[in-house]
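Visitor: Could you take me through this one, a residue or two at a time?

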Amino acid sequence: MSRKYFGTDGIRGRVGQYPINPDFCLRLGWAVGRVFAKRGPAHVIIGKDTRISGYMLESVLESGLVSAGADVSLIGPMPTPAIAYLTRTLRADAGIVISASHNPYYDNGIKFFDSLGNKLADDVELEIEAQLSEDMVCVESDHLGRASRINDAAGRYIEFCKATVPRGFSLRGMRIVLDCAHGATYHVAPRVFEELGADVEVIGATPNGVNINDGCGSTHPEMLREKVMELGADVGIAFDGDGDRVFMVDSAGRLLDGDELIYIIASHRNAHGTLGGGVVGTVMSNLGLQQALEAQGIEFCRAKVGDRYVTEMLLQKGWMLGGETSGHVLCLDLASTGDAIVAALQALLPVVESSRSVAELVSGVVKLPQIMVNVKVPDPAAVARSPALLRAISAKEADLADRGRILVRASGTEPLLRVMVEGEDGPEVQGIADELAAVAQNQS
């Protein structure tokens with residue numbers, strides 16, 4: 001069955017517009033409460049990022065859940081992976097994250113975790129959608145749920161993050177710049193790195209409800225680059241608004257994306273015999289990553305774009321490490337979902353153990369020129385299927401032959417058609433991407 005509301009990462013949209021409005025989210029909370037109450041007394045954790053709309057959505061979701069008989073624990077602004085962790089360790093039945101990740105403040109979304117801290121199964125999402133079509137009925141007063149606040153959530157999560165590296169691990173003597181994107185990591189990431197001994201400089205950690213991801217964080221690393229070079233820092237680390245994506249900047253100001261961080265972690269684990277299989281990337285992962293891993297005898301497989309699909313393939317294969325170019329890095333032996341702080345620590349582990357810089361550790365990856373053009377269109381999926389665009393793609397693929405590849409797909413979270421071209425020749429790749437983007441624009 002196709003979903004009406006759920007995308008690849010929950011439900012997302014413009015605040016105030018259907019479905020991200022109070023009326024729908026009240027009904028959504030009720031529907032989630034009803035679905036989980038069928039399985040017995042339900043306990044649901046709600047966390048959020050720092051968007052001003054989070055207050056509104058939190059309150060209506062809480063009301064809907066309580067009206068269906070579910071108990072609710074509120075934890076306030078916390079990273080998405082922290083909510084997954086707390087859902088699991090507090091033995092809750094579900095976790096809800098109010099966040100639109102790397103999107104601007106005027107967008108928001110609702111994401112869900114099951115009791116193990118994993119994304120909801122397809123059948124559960126469909127069950128929630130079916131419940132949304134039913135009349136909303138409040139339970140009797142003596143069966144209403146209760147709401148409470150968890151006051152030590154940040155401390156619990158900070159200790160978890162520190163426990164993902166060996167006891168003797170220390171960042172003492174290392175100067176690190178953190179860019180928290182004015183988002184959910186603003187009050188936890190600095191403490192993690194400070195308590196591990198680093199000399200920490202923090203930017204993007206004064207959220208006001210509307211500055212999340214605004215010219216900062218992993219989607220806008222320019223300010224981080226400048227600060228790293230100004231201070232002569234060893235490394236810069238940029239998170240996105242909800243703390244599940246991470247980029248790094250080396251001491252020379254060079255940006256390291258998810259592919260390069262995965263390479264650092266995989267190489268270190270492979271050398272120590274702890275990789276536990278191969279690595280899963282996506283169809284967007286740079287061919288240079290695949291070639292560099294295979295040169296070390298590490299198997300590499302590609303999943304569809306979306307961390308849930310990377311997770312699914314990792315679980316199918318029994319592997320532990322995977323992720324996306326965008327900075328989602330999954331270490332399933334440590335966390336059930338992409339965790340930016342945990343991934344950053346894993347990338348710094350070989351830096352500490354080998355006394356080599358991140359630039360040295362990533363030198364084995366030679367990335368091929370890869371161009372991504374985002375085309376704003378009303379119906380990206382329809383444009384992706386248009387005969388004119390399909391003919392243009394086929395012609396350009398014939399030109400590239402085995403020297404590159406083309407991927408055109410609709411975004412799962414924004415009204416964008418993403419045109420990716422990869423190949424050996426940079427100007428040729430750019431030209432093909434621009435031509436395909438123009439064809440796509442003409443189809444809208």
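Guide: Let me start with Leu287, which counts as partly exposed because its relative accessible area is 25% (buried means under 20%, exposed over 50%, and partly exposed in between, with a 1.4 Å probe and protein chains only). Please keep in mind that this is a predicted model, in which local features need pLDDT of at least 70 and side-chain atom pairs count only at pLDDT 80 or more, whereas totals for chains, interfaces and linings use all residues. Residues are numbered from 1 along each chain as its sequence is written, and side-chain values use heavy atoms, with hydrogens and water left out.

Visitor: OK, and where is the place of Leu287?

Guide: Leu287 belongs to helix α9, residues 287-295; helices (H or I, at least four residues) and strands (E, at least two) are DSSP runs numbered from the N terminus. The C-alpha atom of Leu287 is separated by 51 Å from that of Gly145, which is 142 residues away along the chain.

Visitor: Switching to charges: how many salt bridges does the structure hold?

Guide: There are 28 salt bridges in the structure, each being a side-chain nitrogen of Lys or Arg within 4 Å of a carboxyl oxygen of Asp or Glu. One of them pairs Lys111 with Asp9, with 3.7 Å between the closest N and O atoms. That pair links distant parts of the chain, since Lys111 is in strand β5 and Asp9 in the segment before β1 (11-14), 102 residues apart.

Visitor: Are Lys111 and Asp9 buried or exposed?

Guide: Lys111 and Asp9 are both buried.

Visitor: And what about Glu435, which residue does it form a salt bridge with?

Guide: The partner of Glu435 is Lys396, and their closest N and O atoms are 2.9 Å apart. Glu435 lies in helix α15 (residues 426-443) and Lys396 in helix α14 (residues 387-400), so this pair ties together parts that are 39 residues apart in sequence. Glu435 is partly exposed, at a relative accessible area of 42%, and Lys396 is buried, at 17%. Salt bridges that share partners also join Asp9, Arg12, Lys111, Lys119, Asp242, Asp244 and Asp307 into one network.

Visitor: New topic: how many cavities of 30 Å³ or more does a search of the whole structure find?

Guide: The search finds two. A cavity here is a set of points, on a 1 Å grid over the protein atoms alone, where a 1.4 Å probe fits but cannot get out, whereas a pocket is an open set with protein on both sides within 12 Å along at least five of seven lines, and lining residues have an atom within 4 Å of a point. Grid points are joined across faces, edges and corners, and a volume is the space filled by probe spheres set on the points.

Visitor: Which residues line the largest cavity?

Guide: The largest cavity, with about 50 Å³ of space, is lined by Thr8, Asp9, Gly10, Lys111, Phe112, Lys119, Leu120, Glu125 and Arg308. By class, its lining has two nonpolar, two polar and five charged residues, where Ala, Val, Leu, Ile, Met, Phe, Trp, Tyr, Cys and Pro count as nonpolar, Asp, Glu, Lys and Arg as charged, and the others, Gly among them, as polar.

Visitor: And the second largest cavity, what gives the most to its lining?

Guide: That is helix α3 (residues 80-89), with four residues, and the volume of this second largest cavity is about 40 Å³. Its lining has five nonpolar, two polar and two charged residues.
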